[in-house]
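This briefing goes through selected local features of one structure.

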Amino acid sequence: FYLLAEFIISILITTIVTFKSGTRTALLCFLLTLIGFAVFRIKKMNPKFVDKMFYVVVAGLFIMTFFYIHISEISWFQTVNELSRKYFDKNINSSRGLLWQSAFQETTFFEIIFGRGTGTLPQLERYKNSSFHNTYIQLIVQNGVIGLLLLLFIFRTLWKKLCKYTNDIVIQFILCCFLGILLYNCFECKLLQNKAFLGAVQWVLISFGIIRIRLLENKQKANGYVSL
């Protein structure tokens, strides 16, 4: 009971602080992480199904990025944007669509494949010496599709390892956090560049899941040995 109470209190505090700070992306990712965790706890997930979810999530992120670039062209944009300005004092797109679009307009086909070089930043005046506010787009601009594929391969390897024990409560939470991290980096650059401390926290969180897997595997081996 006490653990549940502490968990609920920490969720409420985090939600309030995140909302008051006006960080819409962090709030959205946090809420989706909690919803995902609730689904895991309510419904038993098949490890193979969870494993295949990785491809659905990655495809969804790229579709969402394309959609977000053109979000201002959608009929209901103004209505939703007014709500965003009312509660967060920010536009719903925050000019990211224009920034992301400019990233590809300034990049040749050859550069999209191999990149323009690590350290390349936006040319738009507002974002000069800043970032593309999207880890995946920034990686394409700097290191090309090849660099992005290498990052996705690392994600895929880690995700596959975590899917071995999807019925474990710790692994369930880490997987949901992993989803939140993947989504969050669609709107910010944290995993590889910019605010490295926050990126390190995200990598460490995923690493906790791998450590948990090792512990579960060792426990399984020990039990197997004893049974013999």
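N134 is buried, with a relative accessibility of 1%. The model is a predicted one, and the values below are computed from it. N134 sits in the loop that runs between α6 (109-114) and α7.

**The loop between α6 and α7**

- Leaving aside residues up to four places away in sequence, N134 touches T65, W100, N185, C186, F187, E188 and C189.
- H133 is found in the loop between α6 and α7 as well, and H133 counts as buried at 17% relative accessibility because the limit for buried is under 20%.
- The phi of H133 is positive, at about 55 degrees, although H133 is not a glycine.
- Most residues other than glycine have a negative phi.

**The largest nonpolar core**

- The largest nonpolar core is made up of 49 residues.
- Y136, F155, L162 and F178 are the residues with the most contacts inside this core.
- At least two residues of this core come from each of α2 (24-42), α3 (47-69), α5 (96-105), α7 (135-162), α8 (169-184) and α9 (196-227).
- The helix that gives the most to this core is α7, with 12 residues.
- F155 touches F54, Y136, F178, L182, L191 and W203, when residues up to four places away in sequence are not counted.

**Packing of α7 against α8**

- The axes of α7 and α8 come within 13 Å of each other and cross at roughly 170 degrees.
- α7 is therefore roughly antiparallel to α8, since angles over 145 degrees are classed that way.
- On the α7 side, the contact is made by Y136, F155, L158, W159 and L162.
- On the α8 side, the residues they meet are I171, I174, L175, F178, L179, I181 and L182.
- The residues of this contact divide into 12 nonpolar, no polar and no charged.

- T33 is found in helix α2 and counts as buried, at 9% relative accessibility.
- T33 touches C176, C177 and G180, again without residues up to four places away in sequence.
- G147 has its place in helix α7 and counts as buried, at 12% relative accessibility.
- The C-alpha atom of G147 is separated by 16 Å from that of F62, and the two residues are 85 residues apart along the chain.

**Aromatic pairs**

- How many aromatic pairs does a search of the whole structure find? The search finds 11.
- F37 and F173 form an edge-to-face pair, with 5.5 Å from centre to centre and 85 degrees between the planes.
- F37 lies in helix α2 and F173 in helix α8, so this pair ties together parts that are 136 residues apart in sequence.
- F37 is buried, with a relative accessible area of 12%, whereas F173 is partly exposed, with a relative accessible area of 31%.
- F54, Y55, F155, W159, F178 and W203 are linked into a cluster by ring pairs.
- F155 and F178, which belong to this cluster, are also among the residues with the most contacts inside the largest nonpolar core.

Technical notes:
Residues are numbered from 1 along each chain as its sequence is written. This is a predicted model: local features need pLDDT of at least 70, side-chain atom pairs count only at pLDDT 80 or more; totals for chains, interfaces and linings use all residues. Side-chain values use heavy atoms; hydrogens and water are left out. A nonpolar core is a set of buried Ala, Val, Leu, Ile, Met, Phe, Trp, Tyr and Cys residues joined through side-chain atoms within 4.5 Å. Buried means under 20% relative accessible area, exposed over 50%, partly exposed in between (1.4 Å probe, protein chains only). Helices (H or I, at least four residues) and strands (E, at least two) are DSSP runs, numbered from the N terminus. Contact means heavy atoms within 4.5 Å. Axes are lines fitted to C-alpha atoms, for helices over the stretch in contact, and angles run from 0 to 180 degrees between N-to-C directions. Angles under 35 degrees count as roughly parallel, over 145 as roughly antiparallel, 65 to 115 as roughly perpendicular and the rest as oblique. Ala, Val, Leu, Ile, Met, Phe, Trp, Tyr, Cys and Pro count as nonpolar, Asp, Glu, Lys and Arg as charged, and the others, Gly among them, as polar. Rings of Phe, Tyr and Trp (its six-membered ring) pair if their centres lie within 6.5 Å; planes under 30 degrees apart count as stacked, over 60 as edge-to-face and the rest as tilted.
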